[in-house]
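Subject: Structure for your review

Dear colleague,

Please find the structure below, with its sequence. I would be grateful if you would read it together with the notes that come after it.

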Amino acid sequence: MKLEKITLSHLRMPLVSHFETSFGRIFDRDSILITIQSEGLIGYGECAADRDPGYGYETSGTAWHILKDFILPAIQGKEVVTPEDFRLLVGNIKGHEMAKAGVEMAIWDLIGKKEGKSLQMLLGGSKSKVDVGVSVGLQDTPEDLLRVIENYLKDGYGRVKLKIKPGRDVGDVAAARAAFPNLKLQVDANSAYTLETAKAIQPLDDLNLLLIEQPLAEDDLWDHHILQQKFKTPLCLDETIISARHTRQAIEMDACRIVNIKAGRVGGISESLAIHDLCYTADIPVWCGGMLETGIGRAANLALASLPNFKLPGDISATDRYYDEDITHERFTLNADSTIDVPTGVGLGVTINESAVKNFTMHEYSL
Ligand code: OSB
Ligand code: MG
């Protein structure tokens, strides 16, 4: 497939409700839509980097720069048959995994469309629907938190993740546990603690949590090892796991016992597959994280999460948890058993709502 015209669209979409993590509160979500034309087909990908460098160092601004000035010139006009061909073309660009992953997703979409196969078929996933949960941001008060959780339970979510930060941790989580004794519950600190300040969250170990996600710094494997020895609850790494190599090292040093896979964070779907397989062999369960994606990224997440080692519910919620208006015509809905159906159409299995894209686009660039 010759990669012909490639277009970047920097989008900003209002969220249904604000989302607050240990690194800040947002009311709308930036992303970069990548559109690749190839031999009469169009592939779509989503770069999940956000406006601010709070989750990781990449932002929509850095991704724009890396895409426009390095990735697009390296691939435009080139022949690409497999995702590996793309990886080789951008092999000299260090880091910037979210920028790369956005293009890689569009290439998977093109390959599926060309071969008449869904992304799930290309990946070898088998489940027709995947278990999902909802990620609940920090709320102004514990009372607000309980009300928000209750509403999500009414919607049908069977697993809830609570964002925590220093000062808003054990109290909030204990209140949730007391109100919902049997709820599948987990927490995510987005690297807000140090080994020293993490002493305050030791009581979380007795709240019957599925996992504790990324308590310590985003670049730290070893301190997570030290902390894991103090907890019977599995630690789960998100930010720290940026490749299959990091995954192997994390497992070898017992820095976590569960892995959150986000294709954006690790440079794409191919690397996600490698991490999935590595964890399968090592008997480490994985689950699919989320980045408040549009319907494009959500479709990819659902296909990925249909692989066999995705054993815990993903942060893949229904479209209406995020956006009133999405950029895909397809909207994902929650089934009564807290699952979402995996798309079956060719490629990502979604179609683009051009007028929505136009509404949300702040600027555009084509090569
Ligand atoms: O750490 O998992 C995270 C959203 C943006 C950035 C980082 C994270 C999140 C979430 C939301 O927790 C997950 C979702 O898409 O529902
Ligand atoms: Mg996380």
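The model is predicted, so local features need pLDDT of at least 70 and side-chain atom pairs count only at pLDDT 80 or more, while totals for chains, interfaces and linings use all residues. Residues are numbered from 1 along each chain as written, chains are lettered from A and ligands numbered from 1 in the order written, and side-chain values use heavy atoms, without hydrogens and water.

Ligand 1 has 15 residues around it, and S135, D188, N190, L292 and Y322 come nearest (near: a heavy atom within 4 Å). By class, this shell has five nonpolar, three polar and seven charged residues (nonpolar: Ala, Val, Leu, Ile, Met, Phe, Trp, Tyr, Cys and Pro; charged: Asp, Glu, Lys and Arg; polar: the others, Gly among them).

Ligand 1 sits in the largest cavity (more than half of its atoms lie within 2 Å of the grid points). On a 1 Å grid over the protein atoms alone, a cavity is a set of points where a 1.4 Å probe fits but cannot get out; a pocket is an open set with protein on both sides within 12 Å along at least five of seven lines; lining residues have an atom within 4 Å of a point. The volume of the largest cavity is about 290 Å³ (space filled by probe spheres set on the points, which are joined across faces, edges and corners). Its lining has 26 residues, with F19, K163, G290, M291 and L292 nearest the centre.

The largest pocket holds about 350 Å³ of space. Among its 18 lining residues, G56, Y57, E218, E239 and I242 are closest to the centre. Domain 1 (6–116 + 351–366) and domain 2 (121–341) both contribute to this lining, so the largest pocket lies between them (bounds from an automatic or database domain assignment).

Yours sincerely
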